[in-house]
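This report goes through selected local features of one protein model. The sequence and structure are shown first.

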Amino acid sequence: MRITATHIGTATVLLEAGGLRLLTDPVFDPAPAEYRHDPVVLRSTRGPATGVHELPPVDAVLLSHDEHPDNLDATGRTLLDGRPVLTTVGGAARLGGGALGLAPWQTRDLTVNGRTLRVTGTPGVHGPVGEVTGFVVEVPGEQEALYVSGDTVHLPELAEVGRRFRIGTALLHLGAARIEAFGGGELITMDAAQAAALTTSLGARRVVPVHYTSWEHFTEGRTETTARFAEAGLADRLHWLTPGVAEVLD
């Protein structure tokens, strides 16, 4: 499956597949910034590599969840109107408009301007902080699919992704995020060791890490991910995108 991917920042990626442009988890507020949702305080440290006004036309948004500013901020919300948004069932109810909810393993055909992608929701657990979904994106007629994990830890149920689909590229939300207000110890996104284990079960040819920098609650970055994948014999699967630079993945 041929994809053009531009990592804009955090979990925000502009994807071009099957003739459509998809934007994941839009975060475009200037940084540094502080977001208070008592008892949680989230702080960003770096802004997006591409400004919201520099984006080409976006056909649809894949939103892993709507409740946290490192996945959807005030500026990012301005991109939801006027286009389909695939997200959690609860998120679709909160957002209204063109938002459509995906339960785990539910599939929807996304058709824009006569071009269709098939999108399937995948399970996720984001600690105690709410509902989340991942996505498998298929171009009809192509053998390989794209997997976007969303903000989740590694779950046994995710092995089913590799059984149901032939994954070419996997965008994995990493960072080993932890929130002090929840005790500070519980992972709410994958750490590098979990990502390596998931990569094995997915059988993905390529893993693109996202969601590992620009926020204080991320506790692992590129160094830890590179080391854990090397230890697991998966170093050749990792593919790092340069923020703001479009790259063809096929």
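## Enclosed and open space

The largest cavity is lined by 13 residues, and those nearest its centre are Thr10, Val27, Arg46, Gly47 and Pro48. The model is a predicted one. By class, the lining of this cavity comprises five nonpolar, five polar and three charged residues. Its volume is about 90 Å³, and the structure holds one cavity of 30 Å³ or more.

The largest pocket has a lining of 17 residues, with Val40, Leu42, His68, Val129 and Ile179 nearest its centre. That lining divides into eight nonpolar, six polar and three charged residues. The volume of the largest pocket is about 170 Å³. Such spaces are found by calculation: a probe the size of a water molecule, rolled over the atoms, shows where empty space is left.

## Helix H4

Helix H4 spans residues 192-202, and its buried residues are Ala192, Ala195, Ala196, Leu198, Thr199 and Leu202. Viewed down the axis of H4, these buried residues fall within an arc of 165°, so they line one face of the helix. An α-helix has 3.6 residues a turn, so residues three or four places apart point the same way.

The cover over the buried residues of H4 includes both strands and helices. Among the strands are E12 (145-148), E13 (167-173) and E14 (206-210). Helices H3 (159-164) and H5 (222-231) also contribute to the cover.

At the start of H4, Asp191 places a side-chain oxygen within 3.3 Å of the backbone nitrogen of Ala193. Just after the helix, Gly203 has a positive phi of about 70°.

## Thr189

Thr189 lies in the loop between E13 and H4. Is Thr189 buried or exposed? Thr189 is buried, because its relative accessible area is 0%, and the cut-off for buried is under 20%.

Leaving aside residues up to four places away in sequence, Thr189 touches a set that includes His126, Asp151, Thr152, Val153, His173, Gln194 and His211. Leu174, Gly175, Ala176 and Ala177 are also among its contacts. Two polar contacts involve the side chain of Thr189: a polar atom of that side chain lies 2.9 Å from the backbone oxygen of Leu174, and the side chain reaches the backbone nitrogen of Ala176 at 3.5 Å. The C-alpha atoms of Thr189 and Val132 are 11 Å apart, although the two residues are separated by 57 residues along the chain.

## Backbone geometry

Most residues other than glycine have a negative phi, and most peptide bonds are trans.

Pro32 is placed in the loop between strand E3 (20-24) and strand E4 (33-37).

Conventions
Residues numbered from 1 in each chain as written. Predicted model: local features only at pLDDT ≥ 70, side-chain atom pairs only at ≥ 80, totals over all residues. Heavy atoms only, no water. Buried < 20%, exposed > 50% of the residue type's maximum accessible area, 1.4 Å probe, protein only. Helix = DSSP H or I, 4+ residues; strand = E, 2+ residues; numbered from the N terminus. Arc of directions from axis to C-beta. Contact = heavy atoms within 4.5 Å. Polar contact = N/O pair within 3.5 Å; in protein donor to acceptor, adjacent residues only side chain to side chain. 1 Å grid on protein atoms, 1.4 Å probe; cavity = no way out; pocket = protein on both sides within 12 Å on 5 of 7 lines; lining within 4 Å. Points joined across faces, edges and corners; volume = space filled by probe spheres on them. Nonpolar A, V, L, I, M, F, W, Y, C, P; charged D, E, K, R; others polar.
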